[in-house]
Structure formats: C-alpha cells, structure tokens
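Here is a short briefing for a first look at this structure. It takes up charged side chains, then a helix residue and its contacts.

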Amino acid sequence: MILEFKRSEPLSLGVELALQLVNTLFGAGMSSRLFQRVREELGLAYSVHSFQSVHATAGMQGLYVGCAPGRADDAVAAVRAELELLTTAGIPEDARTLVVVPTLLTSVEGVERQLEHLEVLALGNLDPHVHFA
C-alpha cells in the first residue's frame with residue numbers, strides 16, 4: 001500500500017515533525033503498532049512497516065507487508081484496522097511525545113534564533129499531544 005500526496009505549499013516544520021512521529025509510532029520499527037499487532041500478535045506477516053518520503057511539494061506515505069500469499073487479505077485487513085484505530089482513537093496517552101531540541105548556545109543571537117525556531121515549531125503544531133521544549 002502506498003499513499004501519495006501532493007500539496008501546493010510546503011509543510012511547516014512542526015507538521016512535518018509531527019508526521020514523522022506518527023510514522024515512527026505507527027510502523028517504523030519492531031516496537032511499532034503495525035509490527036506488534038500484524039506480525040507478533042496475529043502472525044500474519046514476516047515483515048511489516050511504514051515509511052515516508054517528504055519533499056517540498058509532494059510526498060509519499062507507504063506501508064509494506066511481506067507475507068505468504070494466502071495471508072495477504074488478512075494482513076491487509078489487519079493493517080486497515082490499525083489505520084482506522086489510529087485515525088479514530090489517535091495516539092495513545094502512553095505514547096505521547098515531548099520533542100526536545102538540543103542546542104549549543106554560543107551567543108545572544110543564537111539564543112534569539114533558537115527561541116524563534118521553537119516558537120515556529122510550537123505555533124505550527126496543531127496536535128495537542130506533541131509538545132516542544
């Protein structure tokens with residue numbers, strides 16, 4: 001499954017970072033919701049993950065499921081169920097995130113630039129469960 005999207009304006013950095021966090025939670029790695037549910041709990045696939053490619057005016061969100069041909073329909077149904085859960089229930093409270101931006105401050109101007117950057121991230125963030133510090 002690959003979801004492709006195009007946009008007329010670039011994503012704000014806050015939205016782009018939020019999408020990366022959602023992708024990580026949903027399907028990037030062995031602790032992700034997709035891997036745990038589809039592979040570990042249901043045993044429907046030997047590999048399952050999500051990925052994304054974000055550019056200035058276009059992007060792609062993809063899902064990969066490697067499974068036996070006879071399990072493909074069940075695996076796709078399980079992935080769809082996880083997508084539905086993500087869109088209806090959102091990010092579980094125990095997986096909500098604080099994004100910390102490490103910084104080396106060497107001048108007053110550097111402090112001012114970093115504060116402006118954090119302000120842009122915070123103001124561009126529409127998700128109440130993602131916080132910047």
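R33, R37, E41 and E82 are linked in a network of salt bridges. A salt bridge here is a side-chain nitrogen of Lys or Arg within 4 Å of a carboxyl oxygen of Asp or Glu. The structure holds four salt bridges. This is a predicted model: local features need pLDDT of at least 70, side-chain atom pairs count only at pLDDT 80 or more, and totals for chains, interfaces and linings use all residues. Residues are numbered from 1 along each chain as its sequence is written, and side-chain values use heavy atoms, with hydrogens and water left out.

**Salt bridges of E82**

- E82 forms a salt bridge with R33, and their closest N and O atoms are 3.8 Å apart.
- This pair links distant parts of the chain: E82 is in helix α3 (residues 72-89) and R33 in helix α2 (residues 33-41), 49 residues apart. Helices are DSSP runs of H or I with at least four residues, numbered from the N terminus.
- Both E82 and R33 are buried. Buried means under 20% relative accessible area, exposed means over 50%, and partly exposed lies in between (1.4 Å probe, protein chains only).
- E82 counts as buried because its relative accessibility is 8%.
- R37 also forms a salt bridge with E82, with the closest N and O atoms 4.0 Å apart.
- That pair, too, links distant parts of the chain, with R37 in helix α2 and E82 in helix α3, 45 residues apart.
- R37 has a relative accessible area of 33%, so this residue is partly exposed.

**The E40 and R39 pair**

- The side chains of E40 and R39 meet in a salt bridge, at 2.4 Å from N to O.
- E40 is partly exposed, at 43% relative accessible area.
- R39 is partly exposed, at 31%.

**A negative surface patch**

- E109, E112, E116 and E119 form a negative surface patch. Patch residues have over 30% relative accessible area and no salt bridge, and like charges are joined within 9 Å. Asp and Glu count as negative.
- E109 lies in helix α4 (residues 108-124).
- With a relative accessible area of 48%, E109 is partly exposed.

- N23 sits in helix α1 (residues 13-27).
- N23 counts as buried, since its relative accessibility is 9%.
- Leaving aside residues up to four places away in sequence, N23 touches A28, S50, F51, Q52 and Q61. Contact means heavy atoms within 4.5 Å.

How values were computed:
Patches are made of residues with over 30% relative accessible area and no salt bridge: like charges are joined within 9 Å, nonpolar side chains (Val, Leu, Ile, Met, Phe, Trp, Tyr) within 5 Å. Accessible areas come from the Shrake-Rupley method with a 1.4 Å probe; for residues, only the protein chains shown count as cover. The place of a charge is taken as NZ of Lys, CZ of Arg, CG of Asp or CD of Glu. Helices (H or I, at least four residues) and strands (E, at least two) are DSSP runs, numbered from the N terminus.
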